[in-house]
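Student: I would like a close look at a single part of this model, with the rest of the chain as background.

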Amino acid sequence: MAPASTVVCFQLKQLIYFHLDNNLLKNALFFAERLSACDSRSSDVVYLLSLCHLRLGDNASAYEYSRPVAIKGAHLGCVYTFAQACLALEKHKEGTSALEKSRGLWLGKSNFGKHTEKKREPYPDASVIHCLLGKLYQGHGDQKKAISNFEEALKLNPFMWDAFTSLCDMGTKLNVPNIFKMNPEMEDVLRSPSDPSEGQAQSKDKDMTLSATLDHVRNRTSTRTGTSVDLSGTLDPFNNVSSRNVNGGLFQNFSMSQKLNESNPSLTNIPAAGGGGIGPEAMATPTGPSASIDASAFNRKDPSINPAYILEPPQAPPRKTRTIPGIGINMGMDAKSQRPIVKKAHGHRFPNEGQVEESAAVHGLRSYDVQPGPIKRSASGQPRQPSEEPGPGQQRRSARLLNHMRPASTKSSSSSITVGSNSSRELKKARPAISKIVRPNSTASTVGRQVSGNRKPVPVDSMDIDEKEPAPNRLLNYLAPTAMQSRLLEQDKDSTKQEEGLRWLLDLFKKLGSGYFALSQFQCKDSLETYRSLEKKQQDTPWVLAQMGRAYYEQAAYSEAEYYYKRIRHIAPTRYADMEIYSTILWHLKRETDLTYLAHVLIDASWQSPQAWCAIGNAWSLTRDHEQALRSFKRATQLNPKFAYAFTLQGHEHVANEEYDKALSSYRQGIAADPRHYNAWYGVGRVYEKQGQYDKAFASFTRASRINPTNAVLICCIGTVLEKQKQPRLALEKFTRATEIAPKSALTRFKKARALMALGDMDTALRELMILKDLAPDEAMVHFLLGRLYKSLREKGAAVRHFTIALNLDPKASQQIKEAIESLEDEDEDEESSMMA
C-alpha cells in the first residue's frame, strides 16, 4: 500500500531544500518535477519548481511555471520568482503588475536580523520587494517610480546596497549620512532576540555554566570537610531525592516527580539497599527519617528536566517545631509531616511509635512488583528478605542501619563498621529515629549512632539544622538569583556589543557610500579623500581599489590609475570587472606590450567575458587594426547587450574608419544601454562636429558635460564648437574653465592660448604657451604656435628657433613649417621694398 501523498510531498520538499542549500540545482529540479507530479495544484509546489528553473538560469521556464499563480498575487514566493524572471526577460510591466497586486502579502514585512547560520526566511520582505520594483520600473523607463521604490527600500533596510548604487547610477541627488543610520527595525532586533532557538541554546549554555559552578562548590566543600554535599537537592527544599523508579530509571515527567517529592518531605530520603539500589525489598524495611541517599545519584542529569526550574527554586514554607515525647529534642519538622495518616501496606503497619505519613511515591514504589508469599521478619517484627539473614561473619541489618545513620567523625573506632563504599556520607537534615530498638533511658544524642565500643555523646547543636546550616547551603540560597542576574547582565552586554557592531558597519557603509556617490557625480577628488579615510584592510579590497583607479582615470591621471589596477591584478587575478577600464588606460599610455599580455591572460581565462573581448579590441586598436578591433567589440556586445562601454568603443573604431553613420548607430546603442554614459554622448558630438553640424555637436557635448561637469575635455569640445561658430569670447570662457579644472592638461592650455592669440591678447597667450612648453616640451604644435606668436611680436630670431624645433620634432609637417619660415623672409622683403620706396 502506497503511503499518504502528504507524507511523500513532505519528504520531497525536504529533498528539494536540501539540494538547493547545497547548490545541487539539477538534483533540486529533478525532485521538484517529482513533487509537481504528486501535487500539481499547490502554490508551494509551483514556487519550488519555478525557483529551481530560476536558479539554473532558465528564466523562460521560471516565467511560464510561476505565471498562473503569480498573476493572481496569491503566493509571495511565486510572485517574487515571476518578477525576477520578468526582469531578466525584460517584461517589466508584467513583473510590476504582479508585485503591486500582491502588496498585501509583503507590505510591512521585515526580515532584518532573522537570517542566521541555522535559520532562513524563505520569502522576501518589503525592502527586497521595493528594490526589485525599482529595477523593474527603471527598466520600464519610469524613473520617478524607480527612485521612489529604491528610496523606500533603503529606508526599511539601509544595507540594500544595490538600491543605493542604482540611485547613484541614475544621477539622483542623495544625502548619504541620512541613509546609513539606525532605523526602528534595527532597534527592535537589538532589543529582542530574533531567533528563539538561539536564545534557548544560550540559556542551555548558561545553565551548563551554572552547573559547572555548582560542581566546583561541591568538590571544594567535599575536599575541605570530607563530606559529600548534595547541591542539586539543596536548590529545591522539596526535592531531596533523585527521581528513580523501581527499575533504576529516571522519571520522564519532572512535574510528577516534583509533586511526589512535595507531598511529604519527611519520607523522601530513601536509603539505598546494599549498594544503593532502590527496590521493593528495600522499601519493605522501614527506615528512620535520618537516612540519606548517595549524592552521586543527583549528579546524573535528566535531560527532560527544565534547567530553568533549577535556577529558580520556590520559597521553602516556614518550619514549625515540636518536641518528640520521650526524646526531648526540638526538631525542625515540616508542618505537613505532623499530620498523622494511617497507611497499610501488605496487611501490616509500620513498626514505628505513633503514626507516620506515607507519600504517594513511597506507596507506588512499595506496591510495585512485590511478589506474594510469606515475608520473614526481623527480631523487631520488620519484614526482610532471606538474603538479609545474618550469616557467619555478617552483621545484622539493624546494626547496619544504625551504622548508616551514624555521622562521620574525625575519630573512628576500630570496632565501628560503616555501610557502603563512600565513608564520607553524612546526613544533612537528621532527625532521631523512632524505633523499638531505642532503649527507654537513652538520649537522642546516642540513639542509633554507634554499635559498640566508643559511645561518645554527640552535641545537641549538631542536630540543630536551623541554627547551623552548612556553608554550601548558605551559598546556594543566593546562587540561583545571582546566576539569573548574571545572565541578564550578559544579555545586556551582548546586546550592547551587537549595537556597537551594527553602528560600526553603518559608519563603514557611510564612507563607502559617500565615496561611490561622489564618484557617480564625478567629484573624483572628494571620492579619493573618502576612500583614503578607510582603514588599510578595507582599502586593499578589489572593489575599493577599482573605485580609486576609476577616480584617477576620470581625471585623466592614467599613470596613477595604472598603479591601482596593477594592484587589483595582483590581489585578484581572476577578476574581470573593470578590466575594460584598465585596458583603456594602457591604450592611452601606449603600453602595447602590457595591453597585449592583459588581453591574452583574460581571454585564456574565459572566452565568455565581455571585458576580455574589450581588452582584445583595445589591443588591436593600438596597432591600428580597426577591423579586428571592431570584431572584438561586437563580440563583447553580443555577450552583454547592456555593455554600454563596448558600444562606445565600437563607435570610436567606426570614426577612425570614417564610417560616421555606423558610428552614430553604435553610440546610440550605448546611450540606450546607459543614458548616463557620457562617453557615448561625446562620440555623438564628435561625429556631428566632423560632419559640420555644429548645433547638434554643441547639444551633444553639452549633454555629456552635464553628466560629467568635471571633465575638462568635454568643456574644451564645447569651446571648440563655439570657436568654429565664430564665438571666440565664449570659447575663451570655456577654455579658461577647462584650464582651472585641469591645470596640467596640455590640450586645454593650447586651446586657450590659441583663443587668446585670436583675440589679440599676445602677452597672456605668451604666458600660457611658456607654461605649456614646460608641460609638453616635445610637442611640435607647441613650438609651432610659439613661432607664430614671436612672428606676430616681430621677434624673428625667436620665431625661427621655435619653427626649427617644431620641424625637428615633426618632420611630416615640414611643408607647413617651411611655409611659415618663408613667410618671415617675405615679410622682410616687403619691409625692404617699402623702405626703398
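Student: Which side chain does Arg591 meet in a salt bridge?

Tutor: This is a predicted model, in which local features need pLDDT of at least 70 and side-chain atom pairs count only at pLDDT 80 or more, while totals for chains, interfaces and linings use all residues. Residues are numbered from 1 along each chain as its sequence is written, and side-chain values use heavy atoms, with hydrogens and water left out.

The partner of Arg591 is Glu562, at 2.6 Å from N to O. A salt bridge here is a side-chain nitrogen of Lys or Arg within 4 Å of a carboxyl oxygen of Asp or Glu. Arg591 sits in the loop between helix H26 (579–588) and helix H27 (592–605), and Glu562 sits in helix H25 (residues 558–571), so the pair ties together parts that are 29 residues apart in sequence. Helices (H or I, at least four residues) and strands (E, at least two) are DSSP runs, numbered from the N terminus. With a relative accessible area of 30%, Arg591 is partly exposed, whereas Glu562 is buried at 6% relative accessibility. Buried means under 20% relative accessible area, exposed over 50%, and partly exposed in between (1.4 Å probe, protein chains only). Lys566 also belongs here: a network of salt bridges links Glu562, Lys566 and Arg591.

The structure holds 16 salt bridges. Among them is the bridge of Arg749 to Glu768, whose closest N and O atoms are 2.6 Å apart. This pair links distant parts of the chain, with Arg749 in helix H36 (residues 746–758) and Glu768 in helix H37 (residues 762–775), 19 residues apart. Both partners are buried, Arg749 at 11% and Glu768 at 10%. Glu768 also forms a salt bridge with Lys752, with 3.3 Å between the closest N and O atoms. Lys752 lies in helix H36 and Glu768 in helix H37, so the pair ties together parts that are 16 residues apart in sequence. Lys752 is buried too, with a relative accessible area of 12%.

As background, the protein chain has 40 helices and four strands, and 42% of its 837 residues count as buried. Its largest nonpolar core has 87 residues, and Leu99 and Phe164 have the most contacts inside it. Helix H21 (residues 471–520) gives the most to this core, with eight residues. A second, separate core of 50 residues includes Leu664, Ile707, Ala742 and Ala799. A nonpolar core is a set of buried Ala, Val, Leu, Ile, Met, Phe, Trp, Tyr and Cys residues joined through side-chain atoms within 4.5 Å.

The mean pLDDT (the predictor's confidence in each residue, from 0 to 100) is 74, and 62% of the residues reach 70 or more. Helix H5 (residues 76–88) has the highest mean, 96, and helix H16 (residues 280–284) the lowest, 36. Over residues 320–374 pLDDT stays under 50, and the model has 89 contacts beyond four places in sequence for them; a contact means heavy atoms within 4.5 Å. Where pLDDT is low, the predicted coordinates should not be read in detail.
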